[in-house]
Amino acid sequence: MATTIFNTSLFLVHFNSWRKLSSRMMESDVFGKRRRFISAKYKADDFESGKKLYLGMDFGTSGARYALIDNEGSIHAEGKREYPLYMKEEKMDWIQSWKDTLFLLLDDVPTSLRPVVASIAIDGTSATTIIMDSTSGRPLSRPFLYNDSCPDALPLVKSIAPAKHTVCSGSSTLCKLVSWWNSYDSSKESAVLLHQADWLLWLLHGKLGVSDYNNALKIGYDPETDSYPSWLLSQPYSHLLPSVQAPGTKIGCIKEDIRTQFGYPKDCVICTGTTDSIAAFLAARATQPGKAVTSLGSTLAIKLLSTIRVEDARFGVYSHRLDDKWLVGGASNTGGAVLRQLFTDEQLAKLSEQINPREASPLDYYPLQAVGERFPVADPNMEPRLHPRPKNDVEYLHGILESIACIEAKGYKLLKDLGATPVEEVITSGGGSKNEKWIKIRERVLGLPVCRADQTEAAYGAALLAMKGSS
């Protein structure tokens with residue numbers, strides 16, 4: 001795979017202007033409350049000689065975060081950024097928005113701590129796909145987002161992949177690649193596929209075409225054999241496939257122009273990343289089979305640590321490798337983003353206080369932002385169901401929270417029915433974990449103990465990967 005070096009000089013000029021503007025902006029939390037949050041606990045001078053810090057970044061669906069930790073896992077600084085709104089041809093320009101956010105987060109890390117940052121890792125949304133020109137480093141199309149479905153490519157993918165394979169879903173990375181391949185008319189010889197995390201990390205290390213086996217799962221990579229299967233390598237677009245490493249593997253050192261711009265050390269290592277839901281699982285530090293993590297952010301993702309690998313694309317179920325075990329689960333399009341459409345943070349807090357979590361809601365909803373669901377039912381035509389709406393907003397919110405909990409319960413039941421290790425305890429991460437009434441509702445619906453993770457942010461899990469890559 002040819003290596004492309006990204007010239008950031010022109011972008012950094014643009015970034016410096018953007019940074020002046022951003023200093024006057026306020027940030028957004030998971031449900032839209034506008035604020036900026038950056039905390040720093042120590043200065044570099046407080047460190048013993050040779051002590052290092054590890055930087056993790058989480059690029060989620062609604063914004064990005066960073067966490068800076070030491071060898072003991074203590075957080076020394078953390079912060080977040082809302083994605084800036086850029087429009088291109090009347091559509092959101094995600095490429096520019098993600099790029100600006102990456103550089104803003106690098107600049108948000110306290111200046112005094114940057115010289116002791118030993119390594120950086122980034123997680124991104126699963127199956128968010130970018131097709132690049134390896135010669136120019138430019139995207140060849142708009143990115144395919146995590147929840148974009150390409151049903152036009154599904155029949156062809158099903159004709160080459162084994163039955164029930166993870167790629168046999170319209171939202172899989174492979175379906176997105178095939179859809180692009182069949183619709184792009186210009187030369188494809190120098191094209192390369194990257195996932196969101198791969199692309200962001202490339203901006204830092206400059207070696208195009210490197211991924212990790214968590215992100216590569218939905219393109220068809222087999223983490224059990226550590227290779228692409230022959231049925232995939234025989235396809236005409238196989239030259240677009242990135243090379244694959246284990247998450248938290250050293251790729252290279254930070255590029256010189258970025259290092260000098262932001263003041264990071266010359267030997268700062270850039271490591272392979274993972275998906276946002278895997279990073280959230282890592283942050284919770286659930287290490288025993290039967291332990292599960294539900295991430296309640298803009299969307300709902302569940303991961304169960306199992307001794308048995310489970311795959312069934314009919315239901316959007318897949319397994320990620322985690323050393324000698326498997327993280328079995330899936331990701332639904334329901335979640336906090338639906339709540340953001342209906343309520344402010346202040347309303348959510350006040351209405352939640354009035355909910356009795358011991359009482360079941362009679363309302364039966366399927367809260368979605370738009371048409372289409374991935375898990376526990378993979379149905380691109382599923383319609384959102386948020387009616388009838390009662391006059392009382394407490395009852396309405398209660399019904400939505402309980403309906404999301406029911407979707408979560410269906411997800412864990414499906415994993416058990418398919419042969420995964422039965423769930424024994426659910427740890428919660430993401431913005432929704434802060435809602436105590438919702439936790440009580442979920443305990444009742446799931447019939448299991450539910451607790452909040454000590455560390456709830458995927459950025460913390462990415463920082464653990466950075467630590468792994470530095471060792």
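Start by selecting Ile 251: at a relative accessible area of 14%, this residue is buried (buried means under 20% relative accessible area, exposed over 50%, partly exposed in between, with a 1.4 Å probe and protein chains only). You're looking at a predicted model, where local features need pLDDT of at least 70, side-chain atom pairs count only at pLDDT 80 or more, and totals for chains, interfaces and linings use all residues. Residues are numbered from 1 along each chain as its sequence is written, and side-chain values use heavy atoms, with hydrogens and water left out.

Ile 251 sits in strand S12 (residues 250-253); helices (H or I, at least four residues) and strands (E, at least two) are DSSP runs, numbered from the N terminus. Show what surrounds Ile 251: not counting residues up to four places away in sequence, it touches His 205, Lys 207, Val 210, Ile 270, Cys 271 and Thr 272, where contact means heavy atoms within 4.5 Å.

Next, pick Ser 298, in the loop between S15 and strand S16 (300-306). Is Ser 298 buried or exposed? It counts as buried, at 8% relative accessibility. Its side chain makes a polar contact with the side chain of Ser 62, at 3.2 Å. (A polar contact is a pair of N or O atoms within 3.5 Å; within protein, one must be able to donate a hydrogen and the other to accept it, and residues adjacent in sequence count only if both atoms are side-chain atoms.)

Now colour helix H12 (residues 436-446), where Trp 438, Ile 439, Ile 441, Arg 442 and Leu 446 are buried. Why do the buried residues of H12 line one face of the helix? Looking down the axis of H12, they fall within an arc of 160°, so they line one face; the arc is that of the directions from the helix axis to the C-beta atoms. They pack against strand S15 (291-296), helix H9 (336-342), helix H11 (393-417), strand S19 (425-429) and strand S20 (450-452). Asn 435 caps the N-terminal end, with a side-chain oxygen 3.2 Å from the backbone nitrogen of Lys 437. After H12 comes Gly 447, with a positive phi near 70°.

Time for a helix pair: select H8 (residues 276-284) and H13 (residues 458-470). Their axes come within 7 Å and cross at roughly 80°. (Axes are lines fitted to C-alpha atoms, for helices over the stretch in contact, and angles run from 0 to 180 degrees between N-to-C directions.) That makes H8 roughly perpendicular to H13; angles under 35 degrees count as roughly parallel, over 145 as roughly antiparallel, 65 to 115 as roughly perpendicular and the rest as oblique. Among the residues that meet here are Ala 279 and Leu 282 in H8, and Tyr 460 and Leu 464 in H13.

Most residues other than glycine have a negative phi, and most peptide bonds are trans. Find Phe 375 and Pro 376, joined by a cis peptide bond with omega about 5°. His 387 and Pro 388 are joined by a cis peptide bond too, with omega about 5°. Pro 388 lies in the loop between H10 and H11. Finish on Glu 90, whose phi is positive, near 65°; at 77% relative accessibility, Glu 90 counts as exposed.
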